[in-house]
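Visitor: Please take me through one part of this protein up close. I would like to start with a single residue and see what surrounds it.

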Amino acid sequence: QEFFTDLNGFQWMRRQRTSKLKVEGNYYPITNSIFIQDKNLRATLVTNHAQGATSANSGEFEVMLDKRTPEDDQRGMEEGVQDIVPTIQQYWLSIEFLSGVKPSPELYNVPSLHVHHLTSILNYPANIFLVHHDTNPDLKIHTKFSLLKKALPCDLNLFNLRTVNDVNLATLPSRSALLIVHKLNYDCNIGVHNNAFYSELCL
């Protein structure tokens, strides 16, 4: 009767399916993922678009791909939803084993580090820039540029890196930079016993 949806990728809320409510009453917004679990397995669906999702029946979940209504639903828009445009949506399904720890309502349920990595890859793909070298043969292209002495830990997510304005001249950059990172909260009881890389991190 329960499933878990994320709130902007920062935390996951336990949702209780209620048969007294209609379909729309059991739908919740997801930004990154939704998961269901039992005592042995966890199934997580990772998406690259914010949308609505639910678990209408035991052992399954569904995602609303398209919402269209000709009339106002009295929920603040004051018009129908008819401006549907084509979008490219991607989904990854991850099936993970629970490491013998029975899920408890008292525990704060979060994804595994593996699912966090899948979410980052899906939502933040690498930007590829092409330069026509023939038009400017003297152009020197740096294939690698490192700002850090060593790599960041794999449980840190880079949010922002920007220069800080000069103290005296606000329109010019200073020699300092601001680095914002997010420490990922992940569950070590999921899918780590068969993966040496994640097992060492959890230890």
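Guide: Start with Ser-112, in the loop that runs between β8 (91-97) and α1 (113-123). Keep in mind that this is a predicted model. Is Ser-112 buried or exposed? Its relative accessibility is 3%, so Ser-112 counts as buried. The cut-off for buried is under 20%. Which residues does Ser-112 touch, leaving aside those up to four places away in sequence? They are Arg-42, Glu-96, Tyr-186, Asp-187 and Ile-190.

Glu-60 sits in the loop between β6 (51-54) and β7 (62-63). Glu-60 has 35% relative accessibility, so it counts as partly exposed. Its side chain makes a polar contact of 2.9 Å with the side chain of Asn-57. Beyond residues up to four places away in sequence, Glu-60 touches Ile-36 and Ser-55. Next, look across to Lys-140, which is 80 residues from Glu-60 along the chain. The C-alpha atoms of these two residues are 53 Å apart.

Strands β9 (156-165) and β10 (173-183) each supply at least two of the patch residues. Pick out Leu-161, which belongs to strand β9. Leu-161 counts as partly exposed because its relative accessibility is 42%. Compare the labels: Ser-112 is buried, while Glu-60 is partly exposed and Leu-161 is partly exposed.

How values were computed: Residues numbered from 1 in each chain as written. Predicted model: local features only at pLDDT ≥ 70, side-chain atom pairs only at ≥ 80, totals over all residues. Heavy atoms only, no water. Helix = DSSP H or I, 4+ residues; strand = E, 2+ residues; numbered from the N terminus. Buried < 20%, exposed > 50% of the residue type's maximum accessible area, 1.4 Å probe, protein only. Contact = heavy atoms within 4.5 Å. Polar contact = N/O pair within 3.5 Å; in protein donor to acceptor, adjacent residues only side chain to side chain.
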